[in-house]
Amino acid sequence: SSLDAYNRLSSGAAALLDLANRGHEKFPSLAAALASPSGRQCLQEQLETADVIGWSVDALRNRLRHFVREDARIQQAVDALRTGDAPQMRELGAQSQADSDLLLGNQVAETNALSTLALDHGAFASRSFGAGFGGSVWAVVERSEASEFASRWRAAYRSRFPARVLTVFAARPGCAMVELGPN
């Protein structure tokens with residue numbers, strides 16, 4: 001099921017943290033382990049000979065590669081949002097979508113298509129989100145173009161997946177609950 005597949009990816013991050021914690025230091029999170037030179041070194045050493053039930057070394061490497069790449073994009077996305085750098089947002093979203101598909105394997109044809117179709121039909125950034133294996137896709141457009149974009153996007157999707165149900169709605173961003181920025 002989708003839930004089992006999602007939980008598997010979550011357990012991959014936990015397995016990586018367990019590998020990093022086989023050293024002298026104990027880290028509260030995978031991000032904390034990767035932020036520490038000793039944590040990174042221990043993880044790399046342990047990963048070479050990892051024997052984790054249900055995970056090949058290559059699959060763990062891909063899970064780690066995805067985590068590192070996605071984590072690195074956070075500050076870049078914050079900066080792009082802050083400065084209104086639409087091309088950078090587009091690129092970050094596209095990279096993130098590709099990494100989820102290739103490294104996590106948690107995308108389906110519909111979410112990949114929705115993200116691509118959004119860009120093809122006028123969004124300046126798009127990305128699937130949620131647990132993967134189906135789900136939701138966001139697309140960023142100018143407020144004045146939202147209704148027309150939604151109609152084009154919906155029509156393009158329905159022409160590719162006529163049997164699938166699709167709900168499209170416009171939402172305006174609200175106030176942030178937390179502020180992301182430099183430490």
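Biologist: What do the buried residues of helix 5 pack against?
Modeller: Helix 1 (2-20), helix 4 (57-83), helix 6 and strand 1. This is a predicted model, where local features need pLDDT of at least 70 and side-chain atom pairs count only at pLDDT 80 or more, while totals for chains, interfaces and linings use all residues. Residues are numbered from 1 along each chain as its sequence is written, and side-chain values use heavy atoms, with hydrogens and water left out.

Biologist: Which residues of helix 5 are buried?
Modeller: Met89, Leu92, Gly93, Ser96, Gln97, Asp99, Ser100, Leu103 and Leu104. Buried means under 20% relative accessible area, exposed over 50%, partly exposed in between (1.4 Å probe, protein chains only). Helices (H or I, at least four residues) and strands (E, at least two) are DSSP runs, numbered from the N terminus.

Biologist: And what is exposed on the other side of helix 5?
Modeller: Pro87 and Leu102.

Biologist: What caps the N-terminal end of helix 5?
Modeller: Asp85, with a side-chain oxygen 3.1 Å from the backbone nitrogen of Gln88. Just after helix 5, Gly105 has a positive phi of about 65°.

Biologist: New topic. Is Glu110 buried or exposed?
Modeller: Glu110 counts as buried, at 15% relative accessibility. Glu110 sits in helix 6 (residues 109-120). Leaving aside neighbours within four places in sequence, Glu110 contacts Tyr157, Phe161 and Arg164 (heavy atoms within 4.5 Å).

Biologist: Why is strand 1 largely enclosed?
Modeller: Because 4 of its 5 residues (125-129) are buried.

How values were computed
Polar contact = N/O pair within 3.5 Å; in protein donor to acceptor, adjacent residues only side chain to side chain.
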